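Trainee: Hi, could you walk me through this one? I'm new to it.

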Amino acid sequence: MAQTKAHRKKRQVATFIVLMLLWEAGSESIHYSVLEETESGTFVANLTKDLGLRMGELAARGARIVFKGNRQPLQLDPQTYDLLLNEKLDREELCGSTEPCVLAFQVLLENPLQFFQAALRVRDINDHAPEFPTREMLLKISEITTPGKIFPLKMAQDLDAGSNSLQSYVISSNSHFHVLTRSRSDGRKFPELVLDKALDREEEPELRLTLTALDGGSPPRSGTTEIQIRVLDSNDNAPEFAQELYEAQVPENGSLGSLVITVSARDLDAGTFGEISYALFQVDDVNQPFEIHPNTGEIRLKKTLDFEEFQSYHVDVEATDGGGLSGKCSIVIKILDVNDNAPELTMSSLISPIPENLPEMIVAVFSVSDADSGNNQQVICSIDDNLPFLLRPSVENFYTLVTEGPLDRESRAEYNITITVTDLGTPRLKTQHNITVLVSDVNDNAPAFTQTSYTLFVRENNSPALHIGSVSATDRDAGANAQVTYSLLPPQDPHLPLAALVSINADNGQLFALRALDYEALQALEFRVGATDRGSPALSSQALVRVLVLDANDNAPFVLYPLQNGSAPCTELVPRAAEPGYLVSKVVAVDGDSGQNAWLSYQLLKATEPGLFGVWAHNGEVRTARLLSERDAAKHRLVVLVKDNGEPPLSASVTLHVLLVDGFSQPYLPLPEAAADPAQADPLTVYLVIALASVSSLFLFSVLAFIAVRLCRRGRAASLGGCSVPEGHFPGHLVDVSGTGTLSHSYQYEVCLTGGSGTNEFKFLKPILPNFPPQVTGREMEENPTLRNSFPFS
């Protein structure tokens, strides 16, 4: 028992010393001001200079701004620690009609603990115009009313404060009335209409005036309403209340429908002119929680009251007799506070986990408040006695939760602390706030990957930033020691641009391809991924990742021969005496893909005369399908389609021009598409063509004669890569195209017909002496069924 008393006395002495040390810090208050609607991020003050601290001391001591509640109007610049606006403030939303609008806050320095009191005043700007509750007012005035009579009018409302609030009323020009601006007990301005000149119903039974409310802003804002005045016949007496000002009190927890006060007025007139009805004058006020009985004058509660929102109400009541005359009184209703708000706890700082080996460490900083008033607002704060923590009161209802001594994680790694805040009202209300404090661990486990190696697949031509897979590692530690960060390790090949090909999400290990991959350039990519925890010291591990690129059919076949370069293509010359299966030409194409995507097939897409020529589907050889005759046209246009085996398949086409000839004695062969107009031909060009043809014919005749002596009757015409030779002068194997899709280089002579500019000429290329293997004749094809049957005809 004695030990318990000594322990409590020790705690009281410690609390008293802390309060004495912190009193100086909380004794002075710094005041700032800012205009409402100022943009977020606006500079407010140099907090370091105002607090008299050294440069960088705010950051070193863990400074923070603490407001009551969850709203934080101010913030500290993370770089300079200047005081900045955290949000655009609305004075009317924050303080309503209260002026000045002051928000108290504290500057908290955590290490060592110190408080500075401060306040932010939000200054009003003229951002609201006066507004009348209705667009039109109706007044009924007897024609016998004497000049000087005052008629109260409904006042306008302006949400601004100070000089920006409503200041005066004016009325449109007329000969009967002027308006006065009066002030109520709460400072609000209301208008009164004064009769200057007697009315005459027979002369003017109705008047319409415009009432304007002006505020004091610069420039001023205004609001208007229309006053309709009906002139009544004689009604000598207006209703009069027993007193002009009534006062009443009602508790904020008053039940709906309860009686607040009863007002009474009398009228000396008789009959309908003496019958009185009551009404609230400012019935459209959104804050009006009362209603009045029109016959008895009883004012009752129609909405729930809240002392914390409004402490009093100013109510105007109008009594009107049967003749239209009225009287007015005012009621001030004060709201009595009851203990209907539980205390609130706002946690400013909570440190968890905490090291197990540090004594007297600050775990949490929080503030307590109660929206009630008087004793209902006073609070006490406590925690359980069986915990190794202490609550130390500070200034302005701030508390700190500190460790009583060093903690032992091995005996207990987690504490659940309940902070109880109780007010002193009747009945007492309390709030409990639970916090969990963890004791920190040491970093003794490295992250471990779920697999030692990962194999990922991605199809080429992928979209950039494509998610191609994930790696995952876990850490057996707790807290920050178990938080893993992923990274790409430098590749073993310094020339591999790994950072330009792949990226990894540092938080979840997701891998992304940064750009489209090309199977033809890169089939596989191998690299290592590291996983590092955030402990101190940091521990890490690594895993191998293999990315295999899958081929896609992204390359269309490319025709190598014959070339299609935009000019008139070469013409293949075929002798009319050629037998079926005669090799006219060969289409050679390649595909940049691999596998079945690069398997090519050939087919005859279009032909001038179907059935005359055929295309070998596997090697692109174009051959005659039957015997030629004199009735066959001399000029033929063939379109050959080359298609790969991809999904979807890609294709290309090439155009061949074939010219049937009887021999090679013609000095001039016209083009299939181009027929020059003799009237437009250039004479010089014609002379040059004739000269060139003569020289070429002489040279060609000499070569052919030499060949004819050696070959006798074995020679037959064959086409060579867009070039043709006449039958009987060249053997058929001169255009020898291998089945592998490449052209043979055993060219003997090349004759091309070219055009495109309106002139025709022969082109003689590469005269080379040949090696002559035996020629395959039509009879040999008939005797060899394998050769004949392997050639499909279109």
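Mentor: Happy to! Let's start with a term: buried means under 20% relative accessible area, exposed means over 50%, and partly exposed lies in between (1.4 Å probe, protein chains only). Keep in mind that this is a predicted model, where local features need pLDDT of at least 70, side-chain atom pairs count only at pLDDT 80 or more, and totals for chains, interfaces and linings use all residues. Residues are numbered from 1 along each chain as its sequence is written, and side-chain values use heavy atoms, with hydrogens and water left out.

Trainee: Got it. Are Cys95 and Cys101 buried or exposed?

Mentor: Both Cys95 and Cys101 are buried. They also form a disulfide (a pair of cysteine sulfur atoms within 2.5 Å), with their sulfur atoms 1.8 Å apart.

Trainee: What's the hand of that link between Cys95 and Cys101?

Mentor: The link is right-handed, with 65° about the S-S bond.

Trainee: And how many disulfides does a search of the whole structure find?

Mentor: The search finds one.

Trainee: Why does Cys329 count as buried?

Mentor: Because its relative accessibility is 1%. Cys381 is buried too, with a relative accessible area of 18%.

Trainee: Where is Pro562, then?

Mentor: In the loop between β40 (558-561) and β41 (571-575). The peptide bond from Tyr561 to Pro562 is cis, with omega near -5°.

Trainee: What about phi angles, say for Glu37?

Mentor: Phi of Glu37 is near 65°, a positive value in a residue other than glycine. Most residues other than glycine have a negative phi, and most peptide bonds are trans. Glu37 lies in the loop between β1 (29-35) and β2 (43-45), and counts as partly exposed at 30% relative accessibility.

Trainee: And what is phi for Asn461?

Mentor: Asn461 has a positive phi of about 65°, although it is not a glycine. You'll find Asn461 in the loop between β32 (453-459) and β33 (466-470).

Trainee: Last one: is Glu203 buried or exposed?

Mentor: Glu203 is exposed, with a relative accessible area of 66%. Its place is in the loop between β12 (189-195) and β13 (206-215).

Notes. Helix = DSSP H or I, 4+ residues; strand = E, 2+ residues; numbered from the N terminus.
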